[in-house]
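Here are a few notes to read alongside the model. Take them one at a time, with the view open beside you.

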Amino acid sequence: MEDTLSALRSLMASHSPPLDALVVPSEDYHQSEYVSARDKRREFVSDFTGSAGRSVADKLKDLRKKLVQEQARGIIFTALDEVAWLYNIRGSDVAYCPVVHAFAIVTSNSASFMWTSERFLLSQVALAETEARKIPSETDKSVNGEHQAEENSNDLIWADPELSELDGLRRAHIRDGAAVVQYLVWLDKKMQDIYGASGYFLEKDSVKKEKHLQSLKLTEVTVSDQLEGFRASKEHFRGLSFPTISSVGPNAAIIHYSPKAETCAELDPDKIYLFDSGAQVCLIFNSLQHRHL
């Protein structure tokens, strides 16, 4: 992909006049939703095969309609996932979350995206405040010659998910669920082979055997790493969504338990094993977080 992008950018730079940007559509010449292999230009350029969901312009349009309905001058986004969703951006500023440190302010006639450079942030906030003052307030009502703002009980303005986003969410769960099932089958077999446990998926016999491979053992960390390995082998995996909680026996009662290789417990067929895990799977333009218990 990098070679393709480099070649494309070289062509753009050599064009007269040079091209600052190039729109690569998903559709063919007939604006078809489903296209032949020869017309998959977006995939050829970016390797992206998912659905892009709504554009930023569409989201802003819908959001401004809600601002009018709620008689609000504007809205400030401070939650990182909301900023990422609104502007279709992803980053790695926060571990386990594909977000960037940023804020957003949307009014009826402006939209500002601000990253956390202090000087830039302060200047943009001041600019947004100035623009907001220029917007006539539909919520101001005159009472005895004085203007009072109508109280708004609804402090959350958000957009409904697109069908493509919901479809991507379902496919992400199916894809990641396959990795989890693969892990459970692997773990079940290893518990039988190493510890003589009576398996669930591939039970060989009902007689508990003695340990026959003393040099091999499963720990909270090694099985957690194996689960991540199964996930990483699947297409569109973008990392874990939080540190995996992999716990044996009494460790399962510890909130947000995080095993360490030096001190973690060994698996025991006579003790409970609990894992709480999640993955980032990119099947639409939004990365998706989900957990499995």
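1. Is Asn 88 buried or exposed? Before answering, keep in mind that this is a predicted model. Asn 88 is buried, because its relative accessible area is 14%, under the 20% cut-off for that class. To find Asn 88, look in the loop that runs between helix H4 (80–87) and strand E2 (102–107). Its backbone deserves a look too: Asn 88 is not a glycine, yet its phi is positive, at about 55°.

2. Stay in that loop for Tyr 96, which also sits between H4 and E2. Tyr 96 is another residue other than glycine with a positive phi, here near 70°. Its relative accessibility is 37%, so Tyr 96 counts as partly exposed.

3. Next, please turn to the loop between helix H1 (2–14) and helix H2 (41–46), where you will find Pro 17.

4. Finally, have a look at the surface. Which residues form a nonpolar patch there? They are Leu 184, Tyr 200 and Phe 201, and together they have about 350 Å² of accessible area. Leu 184 belongs to helix H6, which covers residues 163–195. With a relative accessible area of 31%, Leu 184 is partly exposed. That value matters for the patch, because patches are made of residues with over 30% relative accessible area.

Notes: Residues are numbered from 1 along each chain as its sequence is written. This is a predicted model: local features need pLDDT of at least 70, side-chain atom pairs count only at pLDDT 80 or more; totals for chains, interfaces and linings use all residues. Side-chain values use heavy atoms; hydrogens and water are left out. Helices (H or I, at least four residues) and strands (E, at least two) are DSSP runs, numbered from the N terminus. Buried means under 20% relative accessible area, exposed over 50%, partly exposed in between (1.4 Å probe, protein chains only). Patches are made of residues with over 30% relative accessible area and no salt bridge: like charges are joined within 9 Å, nonpolar side chains (Val, Leu, Ile, Met, Phe, Trp, Tyr) within 5 Å. Accessible areas come from the Shrake-Rupley method with a 1.4 Å probe; for residues, only the protein chains shown count as cover. A salt bridge is a side-chain nitrogen of Lys or Arg within 4 Å of a carboxyl oxygen of Asp or Glu.
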